[in-house]
Amino acid sequence: MPVFAHASFVCAAGRVADLPPPGPPEIAFAGRSNVGKSSAINALVGRKALARTSKTPGRTQTINFYALGERARLVDLPGYGYARVPQSMRQEWRSLVDGYLRAARTLVGVVVVMDARHPLTPLDEQLFAWLGQHRLLALLTKADKLSRRAQHALLADVHARMSGSEVRLFSSITRQGVEECRDLLEQWLLQAAEIKSPR
């Protein structure tokens, strides 16, 4: 995993003014609170605690940037849709994420992380509509909670409802889909920045 082998924390931005200047190609991760965004990032970079995980929904209140060496960056967006977070804070987060998306000149795609047991909620569908102009990957996490048969049915259903987007099953516990997802995202980065990365 040449591109993902050298991951490190860069910074956390709580305001649009704190966003780092444009740099290498970026892939952003979005999703409802507590669906496993941080765990997915950790699995992809092969680290246990690069991105901090929490069982408390709504914990991530900043946009967190992680460097993949000098070649690329992963961007962990704040989780959305958790009812116990005050409306004013949710609006601040939306404004922050909107500010990032408007300023992200090197964004090559967005990974929308969804719990495989509860995919494509109305909030998820709103997010997909909001992100419509970006290249998208629907990452169905916690797939280990489903039977093999249920996984196949879910994959077919989400593919049918998300025509034109990539869809992958994923589990940070069993490592299902980790290599496949990593390879896909590396292709995005290679296409965007002509990264030459020998295997």
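**Salt-bridge exercises**

A search of the whole structure turns up 12 salt bridges (a side-chain nitrogen of Lys or Arg within 4 Å of a carboxyl oxygen of Asp or Glu). Side chains of opposite charge can pair when their charged atoms come close. The model is predicted, so local features need pLDDT of at least 70, side-chain atom pairs count only at pLDDT 80 or more, and totals for chains, interfaces and linings use all residues. Residues are numbered from 1 along each chain as its sequence is written, and side-chain values use heavy atoms, leaving out hydrogens and water.

**Exercise 1.** Find the partner of glutamate 26 and say where the two residues sit.

*Solution.* 
- Step 1: The partner is arginine 73, with the closest N and O atoms 2.7 Å apart.
- Step 2: Glutamate 26 is in strand β2 (residues 26–31) and arginine 73 in strand β4 (residues 72–76), 47 residues apart. Strands are DSSP runs (E, at least two residues), and helices are too (H or I, at least four), numbered from the N terminus.
- Step 3: Glutamate 26 is buried at 3% relative accessibility, and arginine 73 is buried at 9%. Buried means under 20% relative accessible area, exposed over 50%, partly exposed in between (1.4 Å probe, protein chains only).

**Exercise 2.** Which helix holds glutamate 179 and arginine 182, and is each one buried or partly exposed?

*Solution.* 
- Step 1: Both lie in helix α5 (residues 178–193), three residues apart, or about one turn.
- Step 2: Glutamate 179 is partly exposed at 49%, while arginine 182 is buried at 2%.
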